[in-house]
Amino acid sequence: ELEIDLNRFWSSLDRSMFTLFQSIAGGVSWREPIHSLEQMTYFMSWIFTLYISVVYFAVMNVVTAVFCSRAIETAQKNPE
């Protein structure tokens, strides 16, 4: 089972990149790919968790910044 999971998620560079994309975009629960990494080594599972955390926080910060910027621009145009 471990070998099947490793091949499914991490067998090549493009498959690994696609797994990382799916993990943040909702295409696959990030618990599935991390399960095979945990059985191989905990270090890689921590790296994967760090990646997920950084990407989520970066995306949230960008969305929040865009929203605040638009709200400030709108408030300056319409002071009422």
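**Reading side chains, bridges and patches**

Reader: How should I read Glu38, as buried, partly exposed or exposed?

Author: Glu38 counts as partly exposed because its relative accessibility is 25%; buried means under 20% relative accessible area and exposed over 50%, with partly exposed in between (1.4 Å probe, protein chains only). Please keep in mind that this is a predicted model, in which local features need pLDDT of at least 70 and side-chain atom pairs count only at pLDDT 80 or more, whereas totals for chains, interfaces and linings use all residues. Residues are numbered from 1 along each chain as its sequence is written, and side-chain values use heavy atoms, leaving out hydrogens and water.

Reader: How many salt bridges does the structure hold, and which residue pairs with Glu38?

Author: A salt bridge puts a side-chain nitrogen of Lys or Arg within 4 Å of a carboxyl oxygen of Asp or Glu. The structure holds two of them. In one, Glu38 is joined to Arg31, with 3.1 Å between the closest N and O atoms, and Arg31 counts as partly exposed because its relative accessibility is 45%. In another, Glu32 is joined to Arg8, where the closest N and O atoms are 3.4 Å apart. That pair links distant parts of the chain, since Glu32 lies in helix 3 (residues 31–40) and Arg8 in helix 1 (residues 2–10), 24 residues apart; helices (H or I, at least four residues) are DSSP runs, numbered from the N terminus. Glu32, at 35% relative accessibility, counts as partly exposed, and Arg8, at 44%, counts as partly exposed too.

Reader: Which rings form an aromatic pair, and how are they arranged?

Author: Rings of Phe, Tyr and Trp (its six-membered ring) pair if their centres lie within 6.5 Å, and planes under 30 degrees apart count as stacked, over 60 as edge-to-face and the rest as tilted. The count here comes to one aromatic pair. Trp10 and Phe48 are arranged edge-to-face, 5.8 Å centre to centre and with 85° between the planes. Trp10 in helix 1 and Phe48 in helix 4 are 38 residues apart, and the pair links distant parts of the chain. Phe48 counts as buried because its relative accessibility is 3%.

Reader: Which residues form the nonpolar patch on the surface?

Author: Patch members have over 30% relative accessible area and no salt bridge, and nonpolar side chains (Val, Leu, Ile, Met, Phe, Trp, Tyr) are joined within 5 Å, like charges within 9 Å. Here the members are Met40, Phe43, Met44 and Ile47, with about 390 Å² of accessible area together, computed by the Shrake-Rupley method with a 1.4 Å probe, where for residues only the protein chains shown count as cover. Helix 4 (residues 42–77) gives the largest share, three residues. Phe43 is found in helix 4 and, at 56% relative accessibility, counts as exposed.

Note on methods:
Helices (H or I, at least four residues) and strands (E, at least two) are DSSP runs, numbered from the N terminus.
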